[in-house]
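Please read them with the structure open.

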Amino acid sequence: SFTAILFLLFVIGWKENIANAINISGYSNFIVIMGITVAFDVISTIPFAKLRLEHKPMRFASIKFINIGINIGFNLFFLSLCPVIAKHFPESLFTTIYDPSFGIGYVFLSNLIASVVTLLLLFPQLKNSWNFDFKLLKKMITYSFPIVIVGITGMINLNIDKILLPKLLPASEEPMKQLGIYVASFKMAVILNMFIQAFRYAFEPFFFSQKNKDESKQMYVIVMQYFVIFGLIIFLGLSTFIDIFKFIVAPQYREGIGIVPIVLMANLFMGIYFTLSLWYKLTDKTKYGAYMGIMGSAITLSLNFILIPVLGYYASAWAILACFVTMTVVSYLLGKKYYPVPYKLKNFFFYLVVSVFLFAIYWIVRDNDNPVYWLAILVNIVFIGTVFLKEKEGFKALFKK
């Protein structure tokens, strides 16, 4: 809360300078609204984390959905309903709360209203959180500053390619069109991204809550194994039924579906890396998270600069995959030294090789004009059947427990 207030004071004090810097001079009020919204969202992160720690997923999810609903609802109200009412009923009450000249500002205002309501709903988790402790603040800064670098490098790894593509491709290759194809292809990986995001929300508080238990490391092994299994099932399913999922994007952007399996595998390794890398948070060695993040960004930037002029958007897809595979390997090796967990590497490589082999069979046979759906169904049944036969006893024990 203290840092959020400092940030807000800075935004208010420098609103004109910030507006000029991003070429929206004359709209400094938008900067203030955005600053207040960000401050409220930052204050909300701690009670949201507390809900995760207390294993209250329904309350967590319901507040998130309420936030989305209010945001969308007020956007529709201000941008769709109010203009109609103001046009047909110019003397009505709505004209006192609606100003057409405010325009896009209503988008920011809707977001602010949603953030305020969210913070009010989280008040039960906030009410006993206002004690200030300088020693705790020092520990928090020492612990969390490297994680800020992790966040920045993570944004670079996931977003820098969208910036570099139009800058590194010659005009003759229609760089903006290639960027559109690349971004559209990313949308087809949305199901795996949702799975990874849900897993991340649930796993981190679980990981910390199990830290001091005798069987914690064995539990981490089980969690990792099933994360990989379900992640590979999603990878294979999306990759082999790509001719169905491609309809979520416009026809002119579908030529890039060849990068979807690469992006899916990159996202899977991103999830594996996240799961592996909680060791540096448990051991207070967050500096290693920063080191790995910087290393990943160096790989991403280097490969994009070198390969984009040659391979186009395929270079960006391969760069992300190379980045997260390398970070996963390095994190595993460092984890063995500082927080050893006996992960079952043989099982991991077995399922990885089988899924990639089945995918390769389908992709070789696949015809762009006539999708081979029966083969897609077959390879998925074979993989799921292999998983079931190999993990049958483990599944029984898990569900029984």
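**Notes on the model**

1. The side chains of Asp243 and Arg366 make a polar contact at 2.9 Å. A polar contact here is a pair of N or O atoms within 3.5 Å; within protein, one must be able to donate a hydrogen and the other to accept it, and residues adjacent in sequence count only if both atoms are side-chain atoms. Asp243 sits in helix H12, residues 242–245. Helices (H or I, at least four residues) and strands (E, at least two) are DSSP runs, numbered from the N terminus.

2. On the basis of the numbers: this is a predicted model, in which local features need pLDDT of at least 70 and side-chain atom pairs count only at pLDDT 80 or more, while totals for chains, interfaces and linings use all residues. Residues are numbered from 1 along each chain as its sequence is written, and side-chain values use heavy atoms, with hydrogens and water left out.

3. The pair Arg366 and Asp243 also counts as a salt bridge, at 2.9 Å from N to O. The term means a side-chain nitrogen of Lys or Arg within 4 Å of a carboxyl oxygen of Asp or Glu. Arg366 lies in the loop between helix H17 (345–365) and H18, and Asp243 in helix H12, so the pair ties together parts that are 123 residues apart in sequence. Both partners are buried: Arg366 has 13% relative accessibility, and Asp243 has 1%. Buried means under 20% relative accessible area, exposed over 50%, and partly exposed in between (1.4 Å probe, protein chains only).

4. How many salt bridges does the structure hold? There are two. Besides the pair in point 3, Lys162 forms a salt bridge with Asp161, with the closest N and O atoms 3.5 Å apart. Lys162 is partly exposed, with a relative accessible area of 22%, whereas Asp161 is buried at 0%.

5. Ala376 belongs to helix H18, residues 373–400, and is ten residues from Arg366 in sequence, with 9.0 Å between their C-alpha atoms. Is Ala376 buried or exposed? Ala376 counts as buried because its relative accessibility is 0%. Leaving aside neighbours within four places in sequence, Ala376 is in contact (heavy atoms within 4.5 Å) with Thr240, Phe241 and Tyr362.

6. Two helices can be compared with their expected span, which is 1.5 Å times one less than the number of residues. Helix H11 (residues 216–240) has 25 residues and reaches 36 Å from its first C-alpha to its last, close to the 36 Å expected. Helix H13 (residues 260–276) has 17 residues and reaches 24 Å between its first and last C-alpha, close to the 24 Å expected. As for cover, 19 of the 25 residues of H11 are buried, and for H13 the count is 17 of 17.

7. Phe10 is partly exposed, with a relative accessible area of 45%. The C-alpha atoms of Phe10 and Val32 are separated by 10.0 Å, and the two residues are 22 apart along the chain. Ser44 is placed in helix H3, residues 28–53, and is buried at 2% relative accessible area. Beyond its neighbours within four places in sequence, Ser44 is in contact with Thr118, Leu119 and Leu122.

8. A nonpolar surface patch of about 420 Å² is made by Phe65, Ile68, Ile72 and Leu76. Patches consist of residues with over 30% relative accessible area and no salt bridge; like charges are joined within 9 Å, and nonpolar side chains (Val, Leu, Ile, Met, Phe, Trp, Tyr) within 5 Å. Phe65 lies in helix H4, residues 57–88, and counts as exposed at 61% relative accessibility.

9. For the chain as a whole, there are 18 helices and zero strands. Of the 401 residues, 41% are buried. Among contacts between residues at least 6 apart in sequence, 79% join residues at least 24 apart. The chain exposes about 22200 Å², of which carbon and sulfur atoms supply 71%. Accessible areas come from the Shrake-Rupley method with a 1.4 Å probe; for residues, only the protein chains shown count as cover.
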